[in-house]
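Hello,

Here is the structure I promised to pass on. My notes follow below it.

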Number of protein chains: 2
Amino acid sequence: MSFLNELQQLLGDAGLVRGDDLSAFETDWRKRYVGRALAVARPADTAQVAAVVRLCAAYGVTIVPQGGNTGLVGGSTPDDSGEQLVLSLTRMNRIRAIDEANLTMTVEAGCVLQALQEAAEARRLLLPLSLAAEGSCMIGGNLATNAGGTQVLRYGNARELCLGLEVVTAQGEVWNGLSGLRKDNTGYDLRDLFVGSEGTLGIITAATLKLYPEPRARMTALASVPTLEAAVELLGLARQRAGSGLTGFEVMNAFSLGLVRKHYPQQRQPLEASPWTVLLELSDSEDEQHARTVFEGLLEAALEAGLVTDAAVAESQAQSNALWHLRESIPLAQSEEGLNIKHDIALPVSAIPAFVAETDALLEAGFPGMRLVDFGHLGDGNLHYNVQAPEGVPAAEFLAKNEPAINSIVYDQVAKYAGSISAEHGIGRLKREELAQRKDPVALGLMQAIKKALDPQGLMNPNRVI
Amino acid sequence: MSFLNELQQLLGDAGLVRGDDLSAFETDWRKRYVGRALAVARPADTAQVAAVVRLCAAYGVTIVPQGGNTGLVGGSTPDDSGEQLVLSLTRMNRIRAIDEANLTMTVEAGCVLQALQEAAEARRLLLPLSLAAEGSCMIGGNLATNAGGTQVLRYGNARELCLGLEVVTAQGEVWNGLSGLRKDNTGYDLRDLFVGSEGTLGIITAATLKLYPEPRARMTALASVPTLEAAVELLGLARQRAGSGLTGFEVMNAFSLGLVRKHYPQQRQPLEASPWTVLLELSDSEDEQHARTVFEGLLEAALEAGLVTDAAVAESQAQSNALWHLRESIPLAQSEEGLNIKHDIALPVSAIPAFVAETDALLEAGFPGMRLVDFGHLGDGNLHYNVQAPEGVPAAEFLAKNEPAINSIVYDQVAKYAGSISAEHGIGRLKREELAQRKDPVALGLMQAIKKALDPQGLMNPNRVI
């Protein structure tokens with residue numbers, strides 16, 4: 001009996017998608033990669049996932065695990081061989097348990113992130129993973145890529161929110177590591193090995209996540225700062241005065257907000273243009289009044305110290321949302337302006353001003369007139385440092401001609417300042433070669449040894465990451 | 001040339017300890033294991049550590065890495081073969097860098113934890129790893145065992161405080177992973193694999209740690225609670241009202257505090273004996289007055305809800321210290337009372353009341369008169385659940401006769417409630433066989449595959465953990 005027939009028998013009609021219309025599974029989110037799948041398996045439960053993997057192992061069929069398919073590095077779509085099986089977790093979307101006293105929820109990989117946020121909210125709890133794709137990304141993919149987002153400053157990446165995993169190994173065995181424990185020193189940290197491994201070591205089928213009490217109030221402010229140095233000092237001051245109440249600290253350069261002004265003129269910008277603008281968010285376990293008092297004290301001190309030249313504190317939840325909306329409109333506004341060359345980089349916070357000053361100058365010297373969309377999660381040292389073609393120059397042409405040279409300048413600078421070429425998006429296919437060249441060779445050797453040990457047949461998402 | 005001669009040449013006189021007086025390196029903290037070392041290597045820097053490992057690999061000599069040698073599971077002392085090399089990191093005790101704007105410090109493995117706390121404090125920063133042995137334990141060992149302690153509720157275990165590592169692999173290569181980044185998704189999480197691996201995969205030689213702004217005020221309160229259920233509810237209420245300001249939540253049963261009363265009568269206990277007593281700590285980024293207001297609101301609400309029957313808020317830092325001192329005196333008081341059978345277990349917080357009620361009853365039925373020293377970090381679900389011989393029964397005799405049977409009851413109950421048999425102390429030699437029997441077999445298989453992949457010669461701390 002052939003592989004596909006056995007698969008059909010295993011999964012039934014609901015569990016196997018074949019034929020011509022697989023394009024939704026074959027094309028990545030940014031439409032950079034269009035592949036061709038052998039078929040799409042849609043198992044209904046963990047036992048079926050394990051059975052599919054065992055079948056693939058027997059036939060030597062390689063597997064591309066897929067959740068919401070919103071990844072930005074081409075990690076969740078098949079290559080163009082037509083020989084890879086896409087294993088979609090979309091049918092595994094149950095919340096298995098919520099334990100309010102333990103502040104945990106146990107959920108299947110195919111749950112949409114926003115559905116989980118809402119399930120927590122319904123119990124006045126907070127699942128603090130939040131990112132642009134939350135309406136369609138799935139928690140299995142969030143964990144497989146160690147997603148970041150807007151709440152990392154206080155709550156950490158997806159990794160830090162995960163207490164336990166259920167994983168189907170490359171041998172088709174099920175590791176039940178669904179722990180709701182805050183402390184467990186019984187052997188190697190397998191959980192964190194699978195988190196962030198982008199489906200190359202096994203398939204995450206379920207997870208136990210941390211929850212938090214919902215803060216009583218959230219409040220946002222916008223502050224004009226004269227320099228990036230001032231922004232870094234403001235961050236230090238905010239951490240001192242607000243402690244872990246500081247849940248957001250985003251930075252935007254003038255060009256970023258200018259693009260929003262140009263393409264979305266209906267969005268009110270409460271402050272005049274400034275070299276840099278910071279969005280601060282406080283979460284408060286007391287009330288709005290208390291949050292406002294902390295904000296006012298902080299901003300007064302910052303104005304006095306010359307770190308801030310102007311500021312606006314949101315007067316309502318609606319105003320807070322509008323300030324966040326400004327920040328979130330930057331990725332869309334830059335698309336309106338045309339294609340650009342994206343860099344999702346991380347640096348020690350202390351190194352950011354020097355990195356940006358130097359790299360800006362190098363790029364301006366090499367590519368006069370190029371425009372920098374520079375914004376990101378300054379509190380985490382994570383910049384989205386994107387290079388837009390000069391005014392009037394066709395973007396596609398500029399990219400085709402200059403992308404490798406620009407990447408090379410930016411990534412050399414990242415290396416100089418001990419940064420990362422992928423802060424939150426992962427490696428996938430997009431940065432695999434870059435990683436092979438730039439990662440510490442001892443680290444690469446360790447990674448290869450682990451890959452070979454856990455997936456000796458090379459079945460799991462081959463040619464991604466390493 | 002023989003191994004020891006080559007080692008001598010490599011390390012010089014200061015770097016090699018031989019001869020009769022190695023007992024400080026050969027005996028574990030609790031004096032359960034007395035081994036015999038071939039010699040003790042004391043390399044001065046990372047390059048020497050790597051050279052020692054390469055030499056050991058060439059001669060097939062196995063290595064036992066050792067820091068402050070304060071571990072509780074026999075993981076850092078040699079066996080009695082006389083053939084193992086103890087590799088002591090004590091000479092590598094430099095603070096390499098403190099980056100205040102990035103809130104990080106980069107330190108060598110042999111730094112004593114308390115020295116690091118003090119170096120942070122001198123800059124008004126906080127290194128929030130704190131545990132009983134902090135005056136002599138070393139950060140390399142803290143990371144190799146993923147140490148816990150009293151601040152886990154807010155700041156996490158040693159793992160969560162570590163951003164990057166420098167590691168000498170089992171092949172004697174140096175992996176430079178000393179990252180000060182909060183976000184870095186460039187491949188497998190090697191850091192967390194070495195953290196908690198107890199020296200069985202490689203040797204941690206340096207680390208970059210997270211720092212925090214020092215809180216402006218810390219305040220402690222003691223509360224009498226009628227039941228463990230009430231303690232769990234109080235925890236929920238405290239997390240709601242204090243958010244991440246809640247930095248400590250310890251529980252003690254009446255017998256624990258009774259032992260302190262008996263053996264240290266000079267220590268004032270501000271509350272009358274109660275079935276359970278909770279120690280709460282708030283850290284506040286504003287001031288003492290604010291912390292007091294939050295405490296008073298919380299305790300009033302808890303009194304009203306019947307969760308608390310009596311409470312005392314510390315009036316000064318000295319009083320706060322005295323309350324912590326009560327809690328910290330329990331381990332000493334139980335030693336005064338005689339040997340007991342220790343269990344360092346973790347459970348989902350929600351399962352603790354049922355676990356304790358059931359396990360208490362099982363033990364009482366099997367071992368009438370036995371006495372339970374039950375205390376621990378309730379906020380983390382971590383109990384030190386220790387069984388003391390009945391009044392008047394010689395402890396050594398009771399232990400010799402009953403330890404395996406008692407362990408079996410306790411660990412079966414831990415399994416029933418999806419807990420951990422080692423919350424914060426690790427596995428070492430003490431719990432290795434227990435782990436082999438009780439850990440999920442798929443997880444054990446993954447661990448063995450990783451061990452074999454990274455240390456194929458089996459040189460690194462053999463027969464520990466797995």
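A salt bridge here is a side-chain nitrogen of Lys or Arg within 4 Å of a carboxyl oxygen of Asp or Glu. One such bridge joins the side chains of A:E424 and B:K183, at 2.8 Å from N to O. Across the interface of chain B and chain A, the rule finds 6 salt bridges.

This is a predicted model, in which local features need pLDDT of at least 70, side-chain atom pairs count only at pLDDT 80 or more, and totals for chains, interfaces and linings use all residues. Residues are numbered from 1 along each chain as its sequence is written, chains are lettered from A and ligands numbered from 1 in the order written, and side-chain values use heavy atoms, with hydrogens and water left out.

The model scores ipTM 0.97 and pTM 0.97. Chain A averages a pLDDT of 96 (the predictor's confidence in each residue, from 0 to 100).

Now the interface. Chain B gives 82 residues to the contact and chain A gives 82 residues (heavy atoms within 4.5 Å). About 6,400 Å² is buried between them, and carbon and sulfur atoms give 58% of that. Buried area is the accessible area (1.4 Å probe) that two parts lose on being put together, summed over both. B:K183, B:N185 and B:Y188 supply 16% of the area that chain B buries against chain A, more than any other three residues. B:K183 is also the chain B partner in the salt bridge above.

Best wishes
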